[in-house]
Amino acid sequence: MTPAAFNYHAPSTLGEALRLLEDGSAMPLAGGQSLMPGLIARAIAPGAIVDLNRIQDFPAVELAPEQLRTGALVRMQQVIDHPGIAHDLPLLHQAVSHIGHRAIRNRGTLVGSLCQLDPWAEVPLAACALEASLLIAGPSGSRQTRFSDFAAAPNRPLLAPGELVVAADWPLWRSGHGAGFTEVARRPNDPALACAAALILLDENRHIERVALALGAVCPLPIRCHQLEALLLGKAADDVTAITLNMIAADLKGQVIRDDALADAAYRRHLAPIVAARALEQAVSRAR
Amino acid sequence: MTNQIPMSLQLNGCPLKVAIEPRETLADLLRDHLGQTGTHIGCQQGHCGACTVLVDGNSVRACLMLAVQANGSTIETVEGLAPAGAPLHPLQQALRTHHALQCGFCTPGIEMTLIDLLRREKSPNEADIRAALAGHMCRCTGYQNMIEAVLSLVRAAQSAGEDQVPGQG
């Protein structure tokens, strides 16, 4: 249906946008690929929409030796098309390549996905694996926050009223690392039933020097499998599958496992070791 | 409440000025205000792809964009592929020849996505075409004939020694 009426603003600076967002009933609009369905279904009815798309102040794509910064208006398709990101931060390239369809990716933003915090989403999963952080501007100035703190609850980021995420910062792994990303979904590009993001650095003997493994869509938010990571350190790359399949259950203990019409909890528990092992195997095969 | 916002855009090569409520979508603008009903509304969530148009050269779900966001933009819709009186666009002719449409509801959105694909990829293969079509729901055809249609255009362009399948709208 048609959205409920709202006042529309299209500021040209971040400062103007922040002033407009001081109104508690105002919502920011970037890519709109999550906001618009909500407006159209009248699940949300803000008094005002602050369209961010005319703002020039946001950083764009800034690729530095130690980190990638992606500003609030960086589109998902931009990330896929960026050769530097594909080379230096392959996990992000792979994660975003699994998202939706081209028309969605042409408008949807990385930062928007991080703020939306859907349990099955690829960008939050990559942020969990890479330990991304967010640059946030608000009435009381700017702050930097770790993604793990920002992701307070599904669809509920830790953002104070009037605050806006300006950029996401993604730490890079050393050249030669391998990245893996895999999903199980009913159809290509459908929301994942279970997904995994893996990063591996091997030493000269092909033993695991550094590893990160995050699971998405299984729990309400992406989780890092720290116990599995600790077990994998120092092991031979070839042992990754057996260790993962046998030991990942420990990281799921005590976690809420999602159960819904798409997949019940038992199926998600079944999928978790499979996607984890596939992602790690991919990462191992790409590590030099 | 009618707080109409004035805007200008280019639609299929025509410059236009309109005034519209901010809550109306680009799909609403095209269909209800500009009489261009070729762009269809299916799910209003971005899943089905029936509303796909090109905005500044990029494929976009017209149902997920506010009309006012297209202020100053260049829009291409299915109507622009074969303006009234003109012959069918080669893509449309290929889809027709290969029986790649039945009810036609999904077809305009698919055509705009395929036009975008043909502009970007010199010789798309079956995997490229399938990936492009994955963003569109068709209940009638099973997609196979659409794939055949596009592959036939690619083959025809190759044997004519052309650099690219005709993709201009």
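The lining of the second largest pocket in this predicted model draws at least two residues from each of four elements: helix H6 (102-107) of chain A, and strand S4 (58-61), helix H3 (107-120) and helix H4 (126-133) of chain B. Helices (H or I, at least four residues) and strands (E, at least two) are DSSP runs numbered from the N terminus. A pocket is an open set of points on a 1 Å grid over the protein atoms alone, where a 1.4 Å probe fits, with protein on both sides within 12 Å along at least five of seven lines; lining residues have an atom within 4 Å of a point.

This pocket has a volume of about 370 Å³, the volume being the space filled by probe spheres set on the points, which are joined across faces, edges and corners. Of its 21 lining residues, A:Arg102, A:Arg105, B:Arg120, B:Ala131 and B:Ala132 are the closest to its centre.

Chain A also contains an open, antiparallel sheet of five strands in the order S4-S5-S8-S6-S7. Its edge strands, S4 (61-63) and S7 (141-146) of chain A, each pair on one side only; pairing requires at least two DSSP bridges. From one strand to the next, the twist averages 20 degrees. S4(A) is joined by three bridges to the antiparallel strand S5 (residues 67-71) of chain A, and A:Val61 stands opposite A:Thr70 of S5(A).

Residues are numbered from 1 along each chain as its sequence is written, and chains are lettered from A and ligands numbered from 1 in written order. Local features need pLDDT of at least 70 and side-chain atom pairs pLDDT 80 or more, while totals for chains, interfaces and linings use all residues; side-chain values use heavy atoms, without hydrogens and water.

Notes:
Axes fitted to C-alpha atoms, helices over the stretch in contact; angles between N-to-C directions.
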